[in-house]
Amino acid sequence: MGFYVLAHMKPYSPGKPIWEVQRELGIEKVTKLASNENPLGPSPLALTAIQSYLSDIHRYPDADTVDLRAAIGNKWQFKVLVTNGADELITLISETFLELGDEIIVPSPTFSEYKFGANLMGARVVHVPLCKDYSYDVDDILAAVTGQTKLIYICSPNNPTGTYMKKQDLHQLMDNIGRSARADWGAP
Ligand SMILES: Cc1ncc(COP(=O)(O)O)c(C=O)c1O
C-alpha cells in the first residue's frame with residue numbers, strides 16, 4: 001500500500017502570503033481573503049498567555065491538554081479534542097476511521113485536506129459536485145452513500161465557495177444517512 005499512497009500524494013499548496021504578492025506586484029496595501037486567516041490579528045489575551053509560557057518552551061507541553069480541555073468543556077458542556085489546527089484533526093479522523101477500500105464523500109470543490117487524509121489511508125474519494133449556486137444538494141450526497149462510506153465531509157462555510165449548509169439540510173442529511181447505507185447493503 002506504501003507505493004499506492006505515495007503515488008497519490010500531492011504537496012499542500014498554501015495561499016500566497018501577503019509579502020509575496022507585495023513583492024510580485026510592487027504594491028503596499030494587500031488584503032488577503034484566502035486561507036481563513038484572521039485579518040484582525042491575534043487576541044491580546046492570547047499574546048499575553050503565550051508570552052507568559054515562553055520561559056518553559058524547553059519542556060514538552062502537556063500532550064493531553066488536560067487544563068485546556070477542562071476549561072473549554074466546563075464552559076460549553078461538551079467533550080473536547082484539542083489538535084494543532086484543523087489539519088491535524090482531519091488527519092487523525094482519517095487515520096482512525098479509514099482503511100484501504102473505504103470511501104469518503106466530499107461535496108466539491110472543497111478544502112484539499114479531506115482528500116489528502118483519504119489518500120494517506122488508501123481510501124477512495126467520492127466527489128459530489130455542489131449546485132450551480134454552490135449550495136449543497138443533500139439528495140445527491142445521500143445518493144453517493146454506499147456500504148463503504150466511512151466519512152462525509154461538510155465544510156461549512158465551505159472553502160473556497162463560502163457557502164454554508166442550512167440547518168434543515170443538515171438534519172435531512174443526518175436523518176437519512178443510515179437509510180442510504182442500509183439500502184446499499186440490501187437491508188430493509
Ligand atoms: C476548511 C478548512 N479546514 C481546515 C483548514 C486548516 O486549518 P488549520 O490552520 O487550523 O489547520 C483550513 C485552512 O484554510 C480550511 O480552509
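## Terms and basis

Buried means under 20% relative accessible area, exposed over 50%, and partly exposed in between, with a 1.4 Å probe and protein chains only. This is a predicted model, in which local features need pLDDT of at least 70 and side-chain atom pairs count only at pLDDT 80 or more, while totals for chains, interfaces and linings use all residues. Residues are numbered from 1 along each chain as its sequence is written, and side-chain values use heavy atoms, with hydrogens and water left out.

## Cysteines

The structure holds 0 disulfides, a disulfide being a pair of cysteine sulfur atoms within 2.5 Å. For Cys131, the closest cysteine sulfur is that of Cys155, 16 Å away and therefore too far for a bond.

Cys155 is buried, with 11% relative accessibility. Cys131, at 26%, is partly exposed.

## Ligand site

Cys155 also belongs to the set of residues around the ligand, together with Ser35, Asn36, Gly85, Ala86, Asp87, Phe111 and Asn159; a residue is near a molecule if one of its heavy atoms lies within 4 Å of it. This shell divides into 3 nonpolar, 4 polar and 1 charged residues, where Ala, Val, Leu, Ile, Met, Phe, Trp, Tyr, Cys and Pro count as nonpolar, Asp, Glu, Lys and Arg as charged, and the others, Gly among them, as polar.

Polar contacts are pairs of N or O atoms within 3.5 Å; within protein, one must be able to donate a hydrogen and the other to accept it, and residues adjacent in sequence count only if both atoms are side-chain atoms. A side-chain N or O atom of Asn159 lies 2.7 Å from a ligand oxygen atom. A backbone N or O atom of Ala86 is 2.8 Å from an oxygen atom of the ligand, and a polar backbone atom of Asp87 is 3.0 Å from one. The protein covers 71% of the 400 Å² of accessible area that the ligand has on its own, by the Shrake-Rupley method with a 1.4 Å probe.
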